[in-house]
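Please report on the salt bridges and strand pairing in the structure shown below.

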Amino acid sequence: MRRLVAVSALARNSLRGGLLLALAAVLVAGPAAAAEAGRVVPAVDLSGGFEEGQMALNAGAAVVEGRLRLTDTTSGSQSRTAFLREKLRVDRFVTRFTYRARQVGPSPVGGWAFVLQNHDLEAVTPGQSTGTHGYDPADGGVALLMDLGRRISLHAGAPDGSVRRIKSEPLRPEMGTFADGRPYEFLLTYDGEVLHLVVTDRETGDSYYLHYEIDIPEMVGGRTAWAGFGAGTGSVADRRLVQEIESWSWYAGEGAVPPLAQFELNALSPYQAPQGNVIRARTPYEVEFDAASSVAVEGEVARYEWAFGDGASAAGEESTARHTYREPGLHEASLTVVDEHGNRSDPRTLRIALSDALRPVIRTNRSSGVAPLQVIFDATETEGLTEADLVNCRFAWNFDANDADPQGHAHSGEGFVAAHVFQEPGTYRVTLEVTDVSGETVTDEVVVEVHPLDETWTTYHFSTDGDDENPGTIEAPKRTLEHGLGELAGPRVRIRLRRGDTWRLDNPVTLATEGPVLVDSYSDPERPSEQRPVIRATWTDGAWRMLPVTGSDWRVTDLVIRAGSNSYSNPREPGAMQLDGRDNLISGVHFTRIGTNAFILGGDGNVIHDCTARDVGPYFVYGSPRRFAIIDNDVEIESEHDEHVLRFQGGHKGYIAGNKLRSKKAKSNVQVRGASSQMVIYDNDIIGRTSSANPQNRTSEEYVHHIVWEANRFLYEPAYEDLTGFAAAGTAVNVNARHLVIRNNVTVNYMRLFGVGGHPLVGGSVNIHVYNNTIYADDVGGKHHGRLGDIHDGRLVNVRNNLVYSDVTTTPDPWVAIWRVSEGAVETLTSDHNLLWAPAWDTERGLFRVGSEEIAPARWREMGFGRGTLTADPGLRSTDPDSADFLRLMPGSAAVDAGAEAPVFVDHEGRRRPQGRAHDIGAFEHPADDAAERP
């Protein structure tokens, strides 16, 4: 009866606020009457939109055409909130709401929040609020903060005033951002211990699951709270941003909260991992669905109902189900769970696209344009792949199959993502050859049209002794970059800077217009010079970037960009460029004396090509780009504030190829961090520091997946010894990732080739393949022993056909084992056909370690890991790094034809594998024309 009285009072107050009468009827009658055919009726139903009077609106929030508008283009308030006028139960609940940003200017600042709090109905964060997005839970409350970029954070404030961030993490790369104008649906399920969040892009159907352990009643100070939303714009200048909640529903009450369906797919036959919310595979496709993670908010899950999408179905009390798909097509597998009260969840759906043939699919960011033209090629949607991911298949590109530019270079590439800069006009036939793990090969091609500049282009010449009133000819040039890059630039405009001149900038110049725009240099016949034009920043401790690029299709080439020094503090020198637009190319630019990064790289389709950098810090490139390429650059960093040469915080679909990367003081050369995915690191010289692929930190669920390290050279040089406390040449590639391949690489004087580890939230690495690498160490002070690798936390690690040659003169200490594997990782390890050799090793001692136990080679073979593994001199042609035969195999080498079959179809130099009866061990395949010399 106490519940009836309370709800009746709530119903009377709700009439004044405009809430639906269904609220009272549902809770008074109880869950049995509330459910119709197992469907729970929401306690609050604003799925059709909002009405005046339902919400307490603060600081300019409003109801506009049925939508709850949190920020707009008229109000001067920077932060607003809106709360339902009646408190709701928060000990167990399900709520659903849809958000959309309807009007966004460039680079919006701020975000929005879902809020539970017991402070008051007018709770709002005053002033600038980019960190709180309209609500700060300092007085007790819970706020789920959605940054307009790609990050979601859960903040909680206890009644005692303490505030803590429960978890902060980015959206999955395949999804967009909360500022892209698409509707996003949020489904929150709280079972009393864990807050489960499902974010769904309503346009694409892609979903993202997050989970937070939290005691909400403790944080808000009771079993009930005001529920609502907040938003912040960061500054009054960002009022252009319109943020709206389009619909909202809430389920609460004993036995009246629907369960949440969740399931995972475990392939029992080869498959390709999800791309967005789609799994692509080839028939027949046998899978096991596991729904053990489904949640019954009230009680237990009693029944699992499966619809496999091909006409078959299953139901029962078991949380797992097996099914084999035999027909090609798009199948939508769905799960509905039913709890012990008869409440049914919404269906959870996963799309499975099945093909019965291998078919290349090529996507490009563009197929035509004026030279120089950068094109990014994306083959990640290729159909019919038979492996668990993209990484074990070969994607071989020829960017000029018809020889349209005979003098061009780098006409070939490898990877499911690749890129090329076409320097000369012409019609280019670009071919792709895809080889799956079975060896089946198919081809496809696209045509790229590269146009010359013609009479439709307008050209302006600039010199430091010119005048902006001049027409911009060579004889009468213009002068200021602000005038040229900011005012004159536009589609089909060429800005030319005179060689030998230096432009001094007191403030940044933003490249904001839409292109194509070409910025390059010219030589004045009256004052000829070979020196490229220089753009130099004159300020310190001010603006962070000299040349931000917010526009699209800019080509900036043949310049020098510099600041006063490489100082990052006291004073802080500015960085060079920030690429936030689309399809921009920076090519042939020299960066020097840059204090805060040569590049902040974002946007989509941007390429950094053939640039040089000296005396730059703390990064050459830092950012979270989509579809990007870093090609043929020569970088050396020697700043006191070095971090990483390249660092990606959620980079997606990237091609890093042909670069020379060096740093004397950085922590690492290449850092693939955050929620990065689908990146190819190919044919680079990586000198000195380590590299890695792993989450950004240990407090967020970030997955790094589908990364290929192929045909790189990791080279230790004495000049790059440890100067900052970080190992100069410890591990070539550190891994905490899923679906990653390390193949055909060469390491020289590194401690080890790879390390595989785990993460407290993400867990251990999964599906890691290490194929056909050559690891070499000479006697450099006895420090670098040339080990193969360490596995601390990983499943399904496959190590095959690797060659280790350690030319040290001392036997390794016990801790310096060739192999170190944790006891858990050894259960799913595959290790065979590796060649391990050092003149000083005692092959009878424990060169391997499992946990803390030393394992001798004979015992290693008995454990099942030594099949085909050799401890013999490999017979190398040369160990002289200056020789063309460095680390190549002699005809009589023990490594020739000694490898096992592996999805490695070429060697380090692009030579087809195998040349003889079987794969050779190591990065280099012995050429077939030497076969007669073999014994």
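Is aspartate 832 buried or exposed? Aspartate 832 counts as buried because its relative accessibility is 2% (buried is under 20% relative accessible area, exposed over 50%, partly exposed in between, with a 1.4 Å probe and protein chains only).

## Basis

This is a predicted model, in which local features need pLDDT of at least 70 and side-chain atom pairs count only at pLDDT 80 or more, while totals for chains, interfaces and linings use all residues. Residues are numbered from 1 along each chain as its sequence is written, and side-chain values use heavy atoms, with hydrogens and water left out.

## Salt bridges

The whole structure holds 49 salt bridges (a side-chain nitrogen of Lys or Arg within 4 Å of a carboxyl oxygen of Asp or Glu). Aspartate 832 pairs with arginine 800, with 2.8 Å between the closest N and O atoms. Strand E70 contains aspartate 832 and strand E67 contains arginine 800, so this pair ties together parts 32 residues apart in sequence (strands are DSSP runs of at least two residues, E, numbered from the N terminus). Arginine 800 is buried, at 14% relative accessible area.

Glutamate 244 and arginine 69 form another salt bridge, their closest N and O atoms being 2.6 Å apart. The two lie in strands E16 and E4, so the pair links parts 175 residues apart in sequence.

## Strand E43

In strand E43 (residues 590-594), 4 of the 5 residues are buried. E43 runs parallel to E40, joined by 3 bridges, and pairs with E46 in the parallel sense over 4 bridges (pairing takes at least two DSSP bridges). Histidine 590 stands opposite valine 560 and has threonine 612 as its bridge partner in E46.
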